[in-house]
Amino acid sequence: MFSDCDNRKSFKSFRSASLVSSLLDSGGSKKIHPLDPSITLEFESTDAPDRGSIHDSSKLLHMGRASSSRSSIDSRRGLQHKRSFSKKVKTNLAEGVPSYFRKNQGGPTQRAPINSPSSSNMEFLRGVYAFMQVSRSSVNHVKTDSSIFRLHTNATVILLVTFSIAVTTRQYVGNPIDCVHTRDIPEDVLNTYCWIHSTYTVVDAFMKKQGLEVPFPGVDNSQRSGALTIRHTKYYQWVAFTLFFQAILFYTPRWLWKSWEGGKIHALMMDLDIGICSEIEKKQKKKLLLDYLWDNLRYHNWWAYRYYVCEFLSLCNVIGQMFLMNKFFDGEFMTFGLDVITHMEADQEDRMDPMIYIFPRMTKCTFYKYGVSGEVERHDAICILPLNVVNEKIYIFLWFWFIILTILTTLTLFYRIIIIFSPRMRVYLLRLRFRLVRRDAIEIIVRRSKMGDWFLLYRLGENLDSIIFRDVMQDLANRLHNNQHHRVPGMKGEIQDA
């Protein structure tokens, strides 16, 4: 129950509203539809000719009571709406505040129905985006290896798997081989036979003029008198499997390093790569990191040498795969790129295209079957290999890519050897990479530590916030300068070797 004072106050505030005042002052009967569609408030004009003043007063009194009760209900509903909105915001914090407001900027009238196709598509895209963000933050965020090593284990693996999928798709979508024959042999049977049992080319026909002596380079009469060199093409049905096997070999050093590294860098980071946190939390995490570096100083050599072994395995892998491909293509792959360059610079009449020689586009195939009288009949067919157009582009790229990887990895290993035997180079590299750290602090740390500690600090510096890493290095240098616990035997002030 409401008191008369409350009724008068609520009626006065209700009467002073601009919308209600305009409705009460205008003639006739008006209706207001509030947010709740089940409730409708009806207002009548105060100067209606068929209404009495007493009736008006009672009507307004009841209306004031209704408005007061409705205002209290609306206030409770507004509070519930605020709570639900805050819950929505908290729920969508994982998606990010901007994405939440992008979803709701159209308002409730523009939002798609829950079960509509557009809503389901948007939910799917948001899920894919969230998965990519989680994968990026959890996998690619921590750098535990060098960029040259990632060229082997990431970029090359992606390239080889992509090439393998492309070749596999080309084999099973469309015809990888089309053979032409004029006699009564089913086309599918001939194509399948020549694909399985390989085709061949005549080596002497590659130097003859196309259109005058031979129909196509490598295709000639194989029954004429004289010695002929026949080259069989057997590799094309194994290209997809070989590329995938190569991808596994390139990923093996990364798998070894991930198992040997054991998540050490990620554990020591402690989310200090962001740099935006409270000072108390920052000090605690820096103290934990500093205590670990102090307690385990000069105990990281074997950990670093394992990484160097993985880099050496990457070099052995890329060189070994060059010999593997050379064996796969009957000794023609080792100089494949150089032959292509020479072919481009030679005269057109005197040159033989090495890509057509290794990856022939038109070959010959011999099919034997019994004739009508029981004699063995020989059927000669010409086969077109459209898949070799793709294969030649793949392997000319891989030849140059493997040569580049070999050169870069060889230089990287020389660089590692210099780091192992030259502490002065470690000081220079730390100073060159991390400008915010003072030179005297770097010299103290390198003097009192070993090569494995330098490698760990270098990896931490690439992952931590630059200001936090500067503070940690300065604190470690101060502790080493003031405490002689980690001093090794030798000349005072001498920089330690590996």
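What is the handedness of the crossing of α8 and α14? The crossing of these two helices is left-handed, a crossing being given this name if the near helix is turned anticlockwise from the far one by less than a right angle, and the name right-handed if clockwise. The structure is a predicted model, in which local features need pLDDT of at least 70 and side-chain atom pairs count only at pLDDT 80 or more, whereas totals for chains, interfaces and linings use all residues. Residues are numbered from 1 along each chain as its sequence is written, and side-chain values use heavy atoms, with hydrogens and water left out.

Helix packing is considered in terms of two quantities. Two packed helices are described by the angle between their axes and by the distance between the axes. Helices are DSSP runs (H or I, at least four residues), as strands are (E, at least two), and they are numbered from the N terminus. Helix α8, residues 239-261, packs with helix α14, residues 387-421, at an angle of about 20 degrees, and their axes are 13 Å apart; the axes are lines fitted to C-alpha atoms, for helices over the stretch in contact, and the angles run from 0 to 180 degrees between N-to-C directions. Helices α8 and α14 are therefore roughly parallel to each other, on a scale that counts angles under 35 degrees as roughly parallel, over 145 as roughly antiparallel, 65 to 115 as roughly perpendicular and the rest as oblique. Helix α14 also packs with α11, at an angle of about 150 degrees and with the axes 10 Å apart, and this pair is therefore roughly antiparallel. The crossing in which α11 passes α14 is left-handed.

Charged pairs were examined next. Side chains of opposite charge can pair when their charged atoms come close. A search of the whole structure finds 15 salt bridges, each defined as a side-chain nitrogen of Lys or Arg within 4 Å of a carboxyl oxygen of Asp or Glu. Glu311 forms a salt bridge with Arg416, with the closest N and O atoms 3.0 Å apart. Since Glu311 lies in helix α11 and Arg416 in helix α14, the pair ties together parts that are 105 residues apart in sequence. Both Glu311 and Arg416 are buried, where buried means under 20% relative accessible area, exposed over 50%, and partly exposed in between (1.4 Å probe, protein chains only).

A salt bridge also joins Asp145 to Arg254, the closest N and O atoms being 3.7 Å apart. This pair links distant parts of the chain, 109 residues apart, with Asp145 in the loop between α5 (117-138) and α6 (147-172) and Arg254 in helix α8. Asp145 and Arg254 are both buried. Within helix α16 (residues 439-448), Glu443 and Arg439 are 4 residues apart and are thus separated by about one helical turn; salt bridges that share partners, in turn, join Asp145, Arg150 and Arg254 into one network. The side chains of Glu443 and Arg439 meet in a salt bridge at 3.2 Å, N to O. Glu443 counts as partly exposed at 23% relative accessibility, and Arg439 counts as partly exposed at 45%.

On the surface, Trp260, Val309, Phe312 and Leu313 form a nonpolar patch, with about 330 Å² of accessible area together. Patches are made of residues with over 30% relative accessible area and no salt bridge, like charges being joined within 9 Å and nonpolar side chains (Val, Leu, Ile, Met, Phe, Trp, Tyr) within 5 Å. Accessible areas come from the Shrake-Rupley method with a 1.4 Å probe, and for residues only the protein chains shown count as cover. Helix α11, residues 301-328, gives the most to this patch, with 3 residues. Val309 is placed in helix α11 and is partly exposed, with a relative accessible area of 38%.

His300 lies in the loop between α10 and α11 and counts as buried at 3% relative accessibility. The C-alpha atoms of His300 and Gly452 are 4.4 Å apart in space, although these residues are 152 residues apart in sequence. Val157, in helix α6, counts as buried at 14% relative accessibility, and its C-alpha atom is separated by 8.8 Å from that of Leu249, 92 residues apart along the chain.

Two loop residues other than glycine have positive backbone angles. Phi of Asp271 is near 60 degrees, and this residue, in the loop between α9 (264-269) and α10 (279-295), is exposed with a relative accessible area of 52%. Phi of Asp330 is likewise near 60 degrees; Asp330 is found in the loop between α11 and α12 (336-345) and is exposed, with a relative accessible area of 53%.
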